[in-house]
Amino acid sequence: LTATVILLVTGSIVVVLWFGAHDVLAGRMSGGELSQFVLYAVLGASSLGQLSEVYGEIVSAAGAAERIGEILKITPRIVAPAEPLMLPTAAQGTVSFEGVGFSYPRREAKGELPALRDLSFTVRPGETVAVVGPSGAGKTTLFQLMLRFYDPEAGRITFDGIDIRRLDPLELRANIRSVPQDPVIFGMSVLDNIRYGRPEAGLAEVRRAAEQAAADGFIRALPQGYDTMVGERGITLSGGQRQRLAIARAILVAAPVLLLDEATSALDAESETLVQGALETLMASRTTLVIAHRLATVLKADRILVMDEGRIVEQGTHRSLLAQGGLYARLAKLQFETHHADAAE
């Protein structure tokens with residue numbers, strides 16, 4: 001549109017100059033009158049060209065505003081109940097899944113198997129439970145439901161004996177800390193990223209958490225230390241550094257329940273050893289659920305749940321599961337044999 005308007009306006013001015021020049025030569029018009037007319041024409045043409053640009057921007061903005069309006073009109077499925085129950089001041093962190101069944105809307109529309117089917121287990125305060133299994137078994141869905149990003153279609157999930165659907169989602173999530181495989185890092189300073197869950201935390205507390213997460217060393221090496229801006233989504237940091245910041249963030253906030261989703265997957269061997277020690281200290285007083293694909297990271301778990309196709313097919317300790325010779329034993333054999341072969345090579 002803008003190019004067309006500029007072409008038409010410029011062409012019309014050229015035509016006016018052509019006929020005006022002939023009128024000046026014939027004496028029907030003075031040179032001043034022609035200059036005056038052309039000046040007004042140029043001013044009017046430039047204004048018209050700018051109006052065409054503004055019109056294009058208005059059309060684009062109207063489309064975006066319509067989409068925003070559609071999003072704002074959506075009623076969220078997950079809302080706080082009219083009269084939410086309150087958790088005790090000192091929450092214990094007992095998590096229980098009771099006959100939980102769930103299917104994602106898109107998968108249900110395609111007729112695929114549910115993500116979870118009749119799932120039941122309990123994690124006691126201070127217990128560390130690892131969840132393993134092949135991809136698509138429903139491990140991450142457990143965390144999605146625990147944080148109440150979705151509600152189960154069957155059964156219920158309880159936190160300290162209270163159905164989480166009767167709690168305010170904000171209060172529920174304030175008592176849970178999650179360290180995902182791909183942590184969210186904000187375009188702020190390192191200091192602000194670590195104390196995101198506790199804005200009032202002092203620098204000494206932040207440094208202590210960073211030391212426990214084996215992050216203090218690389219942070220001090222940054223140009224401005226803890227005041228260094230890390231860029232949008234932490235683009236200036238490596239994957240391992242982003243994960244250590246997320247772990248430090250979880251250490252800083254004393255929540256009774258800790259969710260770890262492959263929290264050390266992007267760390268090198270040395271950093272993983274340091275962080276694993278910090279996580280063991282952190283998990284000692286918390287109810288902990290750990291999702292792990294590398295079975296070597298869950299050997300010390302109090303209990304291991306083996307999932308397949310949305311169900312718990314085995315559970316027990318590492319040794320007892322190996323003795324059963326089932327899915328866990330097969331996964332362990334594949335991983336450890338591959339690891340030994342690579343090391344030997």
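Contact here means heavy atoms within 4.5 Å. This is a predicted model, where local features need pLDDT of at least 70 and side-chain atom pairs count only at pLDDT 80 or more, while totals for chains, interfaces and linings use all residues. Residues are numbered from 1 along each chain as its sequence is written, and side-chain values use heavy atoms, leaving out hydrogens and water.

**View 1. Helix 7 meets helix 9.** Helices (H or I, at least four residues) are DSSP runs, numbered from the N terminus. On the helix 7 side we have E205, V206, A209, A210 and Q212, and they meet A248, I251 and L252 of helix 9. Sorted by type, the residues of this contact come out as six nonpolar, one polar and one charged (nonpolar: Ala, Val, Leu, Ile, Met, Phe, Trp, Tyr, Cys and Pro; charged: Asp, Glu, Lys and Arg; polar: the others, Gly among them). Helix 7 (residues 203-212) and helix 9 (residues 239-252) pack at about 125 degrees, axes 8 Å apart; axes are lines fitted to C-alpha atoms over the stretch in contact, and angles run from 0 to 180 degrees between N-to-C directions.

**View 2. Helix 2, end to end.** Helix 2 (residues 31-73) runs for 43 residues and reaches 62 Å from first C-alpha to last, close to the 63 Å expected at 1.5 Å a residue (that is, 1.5 Å times one less than the number of residues).

**View 3. T141 and its neighbours.** T141 sits in helix 4 (residues 139-146). Its relative accessibility is 6%, so T141 counts as buried. Leaving aside residues up to four places away in sequence, T141 touches F102, Y104, A115 and L116.

Terms used
Helix = DSSP H or I, 4+ residues; strand = E, 2+ residues; numbered from the N terminus. Buried < 20%, exposed > 50% of the residue type's maximum accessible area, 1.4 Å probe, protein only.
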